[in-house]
Amino acid sequence: MSEHISRAFEEELRTLDTKIAQMGGLAEQALSRAIDALNHHDPELAETTLANDRAIDRLERVIEDLTISIIGRRQPVAGDLRQLITALRIAGHLERIGDLAKNIAKRAIAVAVEQHPKHLMLGFTHIGETALRQLKDVLDAYSQRDAAKARRVWQQDEEIDAMYNSLYRELLTTMMEEPAHVGLYSHLLFCAKNLERIGDHATNIAETTYYLIHGTVLAEERPTVDNTSFARLTVPSKS
Amino acid sequence: MLNPEKGQGFSHTPHTASLLSPSANAARKRSFDARLQLRLDRVWNHLWVRRWLIVLSALIFMGLSATYGIPWYACTLALAAFALGAALIPRGGLPLLALTRAPADAGSEAIDVAKILIDALPDPAIVLDRAGTILLFNGKAGDLFESLKPGFHISRVLRNPQVLDALTECGSKLPTQTAIFSEKVPFERHMAATVSFLRFPREPRNSAILLVLHDLTEQRRLDQLRADFIANASHEIKTPLTSILGFIETLRGAARQDEAARERFLAIMAQQAERMARLIDSLMSLSRVEMRAHLKPQDPVQIAELVAEARHALEPMAAEAEIHVEVRSQLNSVTVLGDKDELTQVFLNLIHNAIKYGRPGGRVVVDVNRIVNGSAPKISIAIEDDGPGIAVQHLPRLTERFYRIPGSSALEKGGTGLGLAIVKHVVNRHRGELRISSQEGIGSKFTVILAEHKADRDGAA
């Protein structure tokens, strides 16, 4: 518990923390529901997710207003100033995560009627759960001011990137083998990319949290193994 | 019992200073502002406690002044002196004053009773103030949420939107609400959170919220598992079954008289049938582990024993594959809290894989070590082989059910595709970690990391 001359200031900072945690909870739930909607062919659940995205956007505006008003009125320094700046950044990242989850839900509605190939969906569940775990861990790290946990999340982004690589190849191969269902596989490809982006946002939140606690930036180059941007795939020519 | 060392106990938020004993945790207050507030609270409490004494003396004095004509300013001065005198009487007071029992005393009695009551509840329970700040909680809640501490807002450990909304709406108009929520990570859990409004009748300003969590996971799992099992099994069992039916057709028809063909086909059919049996066994193991994923294992087991058992069971297979299995361990006795059968299965599966996918004449090394860095010592069991290794893009997918590396000989070697999925689930259940590393052409290493259990430390476990 920190010491402040003004108890009201302390209260305001705690309210900010609470609002970030609340927004984090909404983002976690949006992601979890979007993945379920995709896996269980559940358009209704997807619709609920789309509707709840408004709450996330609203909270971001509330957090922005609150942060700016605190900066204006209290003119904080050092750790307090870092807390306000990081609150703004994290709210931004959470809002993007909410949008990406919304996008997955939209695509879940689009592919609900089609049969998903089992081997692909197992891979999806895996990458989805990993992204969800990263998000939960990083939000816990922020709430509990745990720099070690934030660092671990930052390092584990490799896992999601590797899984995305693997899914990308698998999807492209499947697209070549079954061109009739290429629409379905395109949607799945975008969903996989969204999950990878969510993982990146979680990593950014981790970096921001580390900065909040220590005042210094995580120095090393972030480990990343996503090389799909460089991948070249040769389509066998039809004879 | 609430353990002050673990941070269970009273809150020191100013809102509830009069609800809880003001002297508790006073030493932790470092802010001058808060200390001043606390002193003012204390003075007010003293006066409030002795309010009847003050009123009585005021009436007597007014009576006297009316009778004997003492001027108003003298009365005020005398009244102030009386109030000061009353305030200076120590807490608990003189025996005569015991009749005016302090509401704060009654309050802290209520808190003592609350402590005892929630500790006796079968479910995790947390008492919060109206704003959502944690006041106190029982041992089960402390187990459920690792970083639960009084004085912090509940959103520090629990972020589910439905539960937070229920807490905000909780009040005299909506005294009880239940919110059902689920978590997928780190393992699947379904909970029902009941939020109740508590009002203390003698202190209308003070109210609190009781949050009780009830675990619904077992129930949900039973339903889901049945559906999952059928979905999983049907796909994987269909293939060998189709092939057996095909051979039966052939034996009944074209190959009826063909002695050599019959022998060959019967061998293949037996192989496929055995594969189906193994698959069903693995699926049942997996189901069983999944059912219990949310329950932490409680029995102490000896790692060295289990590893030796697994190795012994696989001796014949290792001999046939001409692979030498070596167990290295610097530690005499290593104990973890776990399920003996499940952990043996883990080592069996990992060593079995190492032998199966190793190169003939190669080596499999099982290394048991203690890792000490930071809070708690951990045990690592690493199974390393010098086989052909696994390409890096497959590593994150290895623990998925039925994942087969495309183009490998896994299918012919009779794998069920579930071995590593079972390992992953068991390690998760034991709140441990599974690390996989491999280099093509050099070999693979599978490491299981578990928290060590020190028997003498956890006497009161």
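Author: Angles under 35 degrees count as roughly parallel, over 145 as roughly antiparallel, 65 to 115 as roughly perpendicular and the rest as oblique. The model is predicted, so local features require pLDDT of at least 70 and side-chain atom pairs pLDDT 80 or more, while totals for chains, interfaces and linings use all residues. Residues are numbered from 1 along each chain as written, chains are lettered from A and ligands numbered from 1 in the order written, and side-chain values use heavy atoms without hydrogens or water.

Chain A holds seven helices and zero strands (DSSP runs numbered from the N terminus: H or I of at least four residues for helices, E of at least two for strands). Of its 239 residues, 51% are buried (under 20% relative accessible area with a 1.4 Å probe, protein chains only; exposed is over 50%, partly exposed in between). Within chain A, helix α3 (residues 78-110) and helix α7 (residues 182-214) have axes that come within 9 Å and cross at roughly 170 degrees (lines fitted to C-alpha atoms over the stretch in contact, with angles from 0 to 180 degrees between N-to-C directions). The two helices, α3(A) and α7(A), are therefore roughly antiparallel. Their contact involves 16 nonpolar, eleven polar and five charged residues (Ala, Val, Leu, Ile, Met, Phe, Trp, Tyr, Cys and Pro are nonpolar, Asp, Glu, Lys and Arg charged, the others, including Gly, polar).

In chain B, packing concerns an open sheet of five strands, ordered β2-β1-β5-β4-β3 with antiparallel pairing (at least two DSSP bridges between two strands). Strands β2 (134-137) and β3 (176-183) of chain B stand at the edges with a single partner strand each, so one side of each lacks a neighbour in the sheet. Neighbouring strands are turned by 25 degrees against each other on average, direction ignored. Inside the sheet, nine bridges link β4 (residues 189-199) to β5 (residues 207-215) of chain B in antiparallel fashion, and B:A192 faces B:H214 of β5(B).

Two helices of chain B meet this sheet. Helix α6 (residues 161-169) of chain B lies across β1 (125-129), β3, β4 and β5, at about 165 degrees to β3(B). Helix α7 (residues 217-252) of chain B touches β3, β4 and β5, and its direction makes about 150 degrees with that of β4(B). Contact here means heavy atoms within 4.5 Å.
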